[in-house]
Amino acid sequence: MKTLCKFFSAVLITVFASSSYAQPEPSAIELIKIEDDLYVIHNPAVPGNVTVLLTDEGVIMVDNKFAWDYDNMMDMLATITDQPVKYVINTHYHGDHSGGNERAQADGTVVVASENARLKMVDANQGGQPDVTLDEHAFVHLGGKVAEIFRFGRSHTDGDVVVYFPEHRVLATGDMFTYGDDVPQLIDYAGGGSARAWTRTLDQALMLDFGTVVPGHGPVTNKAEMENFRDVTVQIRRMTREMIAAGSSRDEIAEMLRNEFHWAELHLDRGLDGLIVEVQ
Ligand SMILES: [Zn+2]
């Protein structure tokens, strides 16, 4: 596990510092069919999952991986539809979910995100900033179908949205929910994330009526696993708080987060100090 964590952390660093690295090879991707008109373009660990809703008038896409995954991803999409991508919804500002925006916009795709996510992209001078933004709730209608967008509150960042497909009872969560030991909860405090708010935000998302879940990273799963993840967000805060009360050091808390919750260096780097401040 340690080696995997190290590997994952090294890969994830490119999520936050992609511009300073040479362009990596596109990740190996696979197509997962949820229903005849709803698919996931999946890869191991990073970048994030992409969900596509197919209609007779175009495609609604959720997230679009890194910029260097764009051609690969679009080639795969072309095997299931000849329609253009009309809308891409970024679940948040990180480059492994919004890196395809510039290419998408050049192809005529409208980029949709929360206004908070857009502000982060502006701050970071990211290319492909959103064309349309929302505060809390929006509907995207296309070809008689709908994708519903909700921003419930802070979690992984302060601009995360979930995308709900009511006809399919499917929820694409972005990194508000990640599934698997190699993709633990990442609290991006610099991006407005919050351990405390995260549980509340998940509680609101869990009130929607859905069965299948496309996590930000990890395999397609179900609502019960998302509920488990919600409980883990509580355990992380409780165990950290107890250790602070018992006088444990920062290093001891870091060790606990590594051992119990699979946090890698990146998760500690981004989340540990903010977590300690927040739970006290
Ligand atoms: Zn992220």
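Predicted model: local features only at pLDDT ≥ 70, side-chain atom pairs only at ≥ 80, totals over all residues.
Local features are taken where pLDDT is at least 70 and side-chain atom pairs count only at pLDDT 80 or more, while totals for chains, interfaces and linings use all residues. Residues are numbered from 1 along each chain as its sequence is written, and side-chain values use heavy atoms, with hydrogens and water left out.

To begin with the sheets, seven strands make up an open one, ordered β1-β2-β3-β4-β5-β6-β7 with mixed pairing. Strands here are DSSP runs of E of at least two residues, helices are runs of H or I of at least four, and both are numbered from the N terminus; two strands pair if DSSP finds at least two bridges between them. The edges are taken by β1 (30-35) and β7 (132-134), each with a single partner strand, so one side of each has no neighbour in the sheet. From one strand to the next, the twist averages 20°. Inside this sheet, β3 (residues 50-55) and β4 (residues 58-62) pair antiparallel over five bridges, and Thr51 sits opposite Val62 in β4.

The other open sheet has six strands, running β8-β9-β10-β11-β12-β13, again with mixed pairing. Here β8 (137-142) and β13 (221-222) are the edge strands with a single partner each, so one side of each is left without a neighbour. Six bridges join β8 to β9 (residues 145-150), and the two run antiparallel; His137 has Phe150 in β9 as its bridge partner.

Now for the metal. The zinc ion has His92 (NE2), His94 (ND1), His156 (NE2) and Asp175 (OD) as its protein donors, 2.2 to 2.3 Å away. Donors are N, O and S atoms within 2.8 Å of the metal (3.2 Å for Na, K and Ca), and with water not among the atoms, sites may look incomplete. In sequence, the donor residues follow the spacing H-x1-H-x61-H-x18-D. His94 belongs to the loop between β5 (85-89) and α3 (95-98) and His156 to the loop between β9 and β10 (162-165), so the pair ties together parts 62 residues apart in sequence. Both His94 and His156 are buried (under 20% relative accessible area, 1.4 Å probe, protein chains only).

As for the helices, α6 (residues 195-206) and α7 (residues 223-245) pack at about 160°, their axes 9 Å apart. Axes are lines fitted to C-alpha atoms, for helices over the stretch in contact, and angles run from 0 to 180 degrees between N-to-C directions. The two helices are therefore roughly antiparallel (over 145 degrees).

Definitions and conventions:
Buried < 20%, exposed > 50% of the residue type's maximum accessible area, 1.4 Å probe, protein only. Parallel < 35°, antiparallel > 145°, perpendicular 65-115°, else oblique.
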